[in-house]
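Please read it alongside the sequence and the coordinates.

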Amino acid sequence: MGVCDYVPDKAPKHEAATCPLCGSTHVALYPNAVKGAGFNFSNVNRAGAFPGMDLAGAWKGFGLCVDCSDSLYVFHHHVLNQFVGSVAGEKALVFPSLVGPEEAKARFLTDWKAYVDGVQAGQVKSREAELLEFCATREDAQVVTQILWAKFGQDVDDVRGCITDILPSRLQELIGHNKAANGWSHALAPRQHLDEGEFDLSLSCLRGLFFRPGGKRVTKSNASQRLFELKRQIMEALYHGQQLGTATEAVWKEVLATVEAYLAEAMKTGKTGGLLREGAGAKSGSAKKPWTGTFASWLRHVARFLYYLDCAEVLPMGENDSIYTPRMEKLRPYFEKGSGIDSLEKAFAFTLGVLYGKLLQVQAARRVSPALTWLKRLNLSGRDLPELYVKIREKLLTYGTEANEGVRELIRELGELGARLGDNISLGSVPTCYFLLLGQSVALEILPSKEKGETA
Ligand SMILES: [Zn+2]
C-alpha cells in the first residue's frame, strides 16, 4: 500500500520541506501520513486539529515524507504487536528507543531478534510480562524505554497516557524492590499468596489494589480516567525514581475510596468475615474481577504496597518508625519498622482497630448486625477515637467479652496510650481510618476467637 492510497486530496502535501522524523531535506511532506499508517494520535484525522484550523497547514502538525510514511505503515502492521504488553494491568505499547553508537544499536537488534524468536518458539512464557524484563537487561547507554497506553485495534487510538525515557538501570533496581516486597516477612505482610497481588516489573498489581468491589455500582469509578491517571503517576514515579509529591494525596484518596467500597459491600450483605479474614474468593480470572481476595487480604497488600513505595523511595514513610513498643507481646511485631506506625496517635488508632475487629467478630458469632455505622462512612478523625473507644467497650461489656484475658491486655495497652495522648487525639482522617482498619483486619491474629473464658 503506497502513501497515495491514504492521503486524501483535501489536505495538500507540502513540497520541499524537512521531514521531522528522518531529517531528509527537500522532500514532500504528507499531512495524513501518521493517520494513514494507523496511528490516531491527537485526532490527526480531524480538520480542527490542524495548525491554525487550516487544512492547508495540516502538514505542519503531522507531515512525514514518503519513506517515513511507508516505514510507519509497515511498523504498525508487521512489528507493533511485538511491543504491545500490559503495564499497570492495561494494554500499552512498550517501546525501546535505541540510543548510543551504531554498534550498540546493532547488538540490541540482534538480541531482540533472538528474544522474538524465543517468543515464537514458546521459550518466553509471557511476552506481555517480559517485555520490560528484556529492556531491563540492557545498558543505559544503549536504550531507553517508552510506554504508551492506548487502544490497539485497527488503529492505535485513544491514547490515555505515556511515560517516557525509562532507564534500564532503574528497571533493574525495581526488580530488586519487587523481589524484596514479594518476600516481605512483616507481621502485616499478606499471609495468603494471591497472584494478582504480586509485584512485577509492569506493576500489574496496581489494577487489583485500586479495584473497587460492588459490581455495576462502581463500574464507572473503576474505569475513570482519574484513577488511570493516578496509576500512571505512580508508575512514572517508580520508573523514574522520583517522589510522588503532590500525587500522594490522590493515592490516599483512592485507597480510602476503595475502603469505602469494601465497607459498603459489607454493610449491604451484613457479612464481616471478609473484613476479618484473609482469603480468596472464587477465581473468575477475568478482567472484570482483577482482585479475588477479601478486604483483609487487600488491606495487607496495601500495607505491603506502601512499604514497597517507601523502599523504592517514591513515598517515604518517615523515620519515626518504632516510636512505641507495646507491652502486649502479640502486638509488638505489628509495630516493627515498615508498618508506618510512627506516632502515638497512629499506635492508638491501630490498637483500637484491633479491639474493634474483636467486636465485629463477637457480633458475627452472636449473629447480631455489625457496628459498621460507627465508622461514619470513614468521616472519622483522631478526635472521634475516644468516643469510639467508649462505644466499643460498652458493647464488649454487654457481651461479656472483657473476661477474655487478651481483650483485657489490649484494653490496658489502650489505657496506657490514652493516658499519654489525652482526649484530644490529633490525627487526620486518612491515617485514622487506615490504621483503625488495618488493626481490625489483623484482630483475629492478635485475639483469636474461642479463647478460654470467652463467652461469645
Ligand atoms: Zn522522513
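Helix 4 covers residues 102-120, has 19 residues and reaches 27 Å from its first C-alpha to its last, close to the 27 Å expected at 1.5 Å a residue. The expected span is 1.5 Å times one less than the number of residues. Helices (H or I, at least four residues) and strands (E, at least two) are DSSP runs, numbered from the N terminus.

## Basis and confidence

This is a predicted model, in which local features need pLDDT of at least 70 and side-chain atom pairs count only at pLDDT 80 or more, while totals for chains, interfaces and linings use all residues. Residues are numbered from 1 along each chain as its sequence is written.

The protein chain averages a pLDDT (the predictor's confidence in each residue, from 0 to 100) of 86, and 88% of the residues score at least 70. Over residues 1-9 the pLDDT stays under 50, and the model has 14 contacts for them beyond four places in sequence. Residues 43-51 also have a pLDDT below 50, with 18 contacts in the model beyond near neighbours in sequence. Two residues are in contact if their C-beta atoms, placed from the backbone, lie within 7 Å.

## Overall make-up

The secondary structure of the protein chain comes to 17 helices and 6 strands. Of its 456 residues, 38% are buried. A residue is buried if 20 or more other C-beta atoms lie within 10 Å of its own, exposed if 12 or fewer, and partly exposed in between, with C-beta atoms placed from the backbone. Among contacts with a separation of 6 or more, 72% join residues 24 or more positions apart.

Four strands make an open sheet in the order 3-4-5-6, with antiparallel pairing. Strand 3 (84-87) and strand 6 (156-166) are the edge strands, each pairing on one side only. Direction ignored, neighbouring strands of this sheet are turned by 35° against each other on average; the axes are lines fitted to C-alpha atoms, and angles run from 0 to 180 degrees between N-to-C directions. Two strands pair if DSSP finds at least two bridges between them.

Strand 3 pairs with strand 4 (residues 90-98) in the antiparallel sense over 4 bridges, and Val-84 has Leu-93 in strand 4 as its bridge partner. Strand 5 (residues 143-152) is joined to strand 6 by 6 bridges, again antiparallel. These two strands form a hairpin with 3 residues between them, and Ile-147 has Ile-163 in strand 6 as its bridge partner.

The largest nonpolar core has 112 residues, of which Leu-64, Leu-238 and Leu-352 touch the most other members. Such a core is a set of buried Ala, Val, Leu, Ile, Met, Phe, Trp, Tyr and Cys residues joined through C-beta atoms within 7 Å. Beyond four places in sequence, Leu-352 touches residues including Leu-385, Tyr-389 and Leu-436.

Phe-83 lies in the loop between helix 3 (66-79) and strand 3. Phe-83 counts as partly exposed because it has 19 C-beta neighbours inside 10 Å. Its C-alpha is 5.3 Å from that of Val-94, 11 residues apart in sequence.

Asn-178, in helix 6 (residues 168-182), also counts as partly exposed, with 19 C-beta neighbours inside 10 Å. Asn-178 and Cys-311 are 133 residues apart in sequence and 9.7 Å apart in space, C-alpha to C-alpha.
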